[in-house]
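Here is a friendly walk through one protein model. Have the sequence and the 3D view at hand as you read.

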Amino acid sequence: MIFIKVKKDVIMTGWMLFCISACCFFYALSGCDGINDYSTNPNHRLAFSVDTLSFDTIFSTVGSTTKQFMVYNPNSEALRIEMVLLGNPEKSGFRINVDGRKGDLFRNIDIWKKDSLYVSVEVTVDPNGARQPLIVEDSVLFYVNGVRQSVLLQAYGQDVHLLKGGTTITRDTALVADIPYLIYDSLKIAEGATVTVEEGAVMYMHSGANLIVEGTIKAKGTQDRPVVIRGDRLDHIKTTVVLPYDLTPGQWGGIRFGSSSFENEFDYVVIRNGMTGLTFSESQPDRMKISIRNSQITNMGNNLLTAVNCHIEASNSEFTNARDSTLTLIGGKHQFTHCTIATLNILGGRGINSPSLILSGQRVAGENSTPYPLKQAFFDNCIVDGGHSADSTRLFGGEILFDTEEQNMQGNSETFNYRFNSCFVKTARQNSERFVNCLFVNSPSYLKTGTKDEEYTFDFRLKNGSVGIGKADRAVSEHYPVDRYGVDRLSAAEGASIGAYEYVYQEEKEN
C-alpha cells in the first residue's frame, strides 16, 4: 500500500479554485437571459460618444471603411434598450453592427449601469447621376422606456467611372472630366494608343493600383483645373495627430512607362501619395520620353522619379518628398528648368538615406552593371535640397550623388555631361565650370501651411529673406515668365527667383 502525503494548504487552494470557477460558471449562465432588474424610469436616458457620425466622400457602389460610436448608460441602474434600428436602410445604404451582431433591427438589448456598448457603421452609396457629391443621411434610433433617441449618420456619395478587374485601352481615347475615375486594379495604355486626359479630370487609385503606359498619355490640365492622380482614401489616419490619408505615402502603386512609350505630356498635373511615382524603363534618348510642365509630383513611398536612358524635359515643376531618391537619372538626355527637387520630411520617412538627386552613368542589377552615357543633364534656375548635411569629405555629397567613375565626377562631355546654372545645390561649395553662379550649403527657407501639428504639409514657395530670392538667370526666366501659380517672374523687384515658384513678399503676422 502506498501513502501519498498532501499538504493541507494545497487541498484548501484547490477547493477554493473549484468554488470560484463554479460560481463564475453559474453566474454566467444566469446572465444569459439578460438583466432581470432594470430601470423603467423614462428620465433615464442613454448617452453617445457622438451626435453625428460623419463619413468622408464615399464612391458609389464601393463600400466605406467601418466607423464606430459608443453607447453609454450613465445611470446608476441597468437599462433595457427595447429596440435599435436604422431609420431608412433600404434607401440610405447604411449598415450597422450592434455589440457584435449584424442587422437592421435589434430588440431587448440590456446594458448594465455605468456600462457601454459599440455600434459599428458602414455605408454603400448608390449612383446618383450627379457630377458633385450628394449628401446621404440616416439615423440609428434607440428606444428606451418609451423614449426615442438617435445618432445621425452622414456621408457624401460621389459617382465615379469604376475601372475594375484590369483595364487595357487599345485605341486613342479621351478621358473626360465629368466625374472622377476610380482605378481599382491596374489601368494599361497599350502600345500605339494615345490617351488624352481632359483638364479637371481626377483619377483615384486604389491600394496597389498602377497606371502602365506602353503607348502615350497626354494629361493637359490648367492652372484652375489641374489633372489630379492620387490615392482613393479620403478619410483620415490617426497618429500622434490626425492626418488625411492624402498626406500618407504609399497609398497606391505608381505610373510606369514602358520602353515603347514616347511623346508623353504632363501639363498642370498633380500626382501624389503613391509608392514609386514615375518610373521610366530603358529607352532612347534621341526621342522625347516625356515633357513635364507646371506640375507637382510629391509624397512617394520609394523613389519619386527614376529614368533609364530617356529624354526628359521639365519646367516650372515641383518634385518633392520621397523616402528614397527624389530624382534618379541613369544615362539619357535631360533638361530641368525652374524646378524644385527636394525632400524635407515625409510621414514615416525617418532614416531616409538617398540624396534628392542621383546622376548615374550605369544601371546596376545585382552584380551586373550596364553603362548608359549621361549625354546631358542640365539644370537651370533649380533647387536641389533636402535634409542631408552639405559637409562632406567626398568630392560631392549632401543632396547630390554622382554614380560614376571618379574621373567622370568632374564632368565628361561624352559620357557624363552635366551642368548647373544659377541653382541652389545642397552640397559643399564647388569651384567648377559645371556649376555656374550657384549657391551651396545653406538651404532656402520655405513657407509652411496649416497648423503647427501638420508637420507633413509643405509649401515649397520661398519665405521672406530666403536664399535664392532674385538669384535666377533672367535670360532663362524670360522663356518661363510665370510660375505654375501664375506669378510673374519678370516683374519682381528683386529679380526672378530660383526654383519652381517665384518669391512673393509675405506680410509679417503680429504675435
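What follows covers a strand and its partners, then the cores, then a pocket.

This is a predicted model, in which local features need pLDDT of at least 70 and side-chain atom pairs count only at pLDDT 80 or more, while totals for chains, interfaces and linings use all residues. Residues are numbered from 1 along each chain as its sequence is written, and side-chain values use heavy atoms, with hydrogens and water left out.

Let's begin with strand 40 (residues 383-386); strands are DSSP runs of E, at least two residues, numbered from the N terminus. I383 and D385 point one way and V384 and G386 the other, and all are buried (under 20% relative accessible area, 1.4 Å probe, protein chains only). In a regular strand, side chains alternate between the two faces of the sheet.

Next, the largest nonpolar core has 64 residues, of which L305, L359, F379 and F420 touch the most other members. Such a core is a set of buried Ala, Val, Leu, Ile, Met, Phe, Trp, Tyr and Cys residues joined through side-chain atoms within 4.5 Å. Another core, of 29 residues, lies apart from it and includes I58, I81, V119 and V151.

Finally, the lining of the second largest pocket divides into 7 nonpolar, 7 polar and 5 charged residues.

How values were computed
Buried means under 20% relative accessible area, exposed over 50%, partly exposed in between (1.4 Å probe, protein chains only). Helices (H or I, at least four residues) and strands (E, at least two) are DSSP runs, numbered from the N terminus. Ala, Val, Leu, Ile, Met, Phe, Trp, Tyr, Cys and Pro count as nonpolar, Asp, Glu, Lys and Arg as charged, and the others, Gly among them, as polar.
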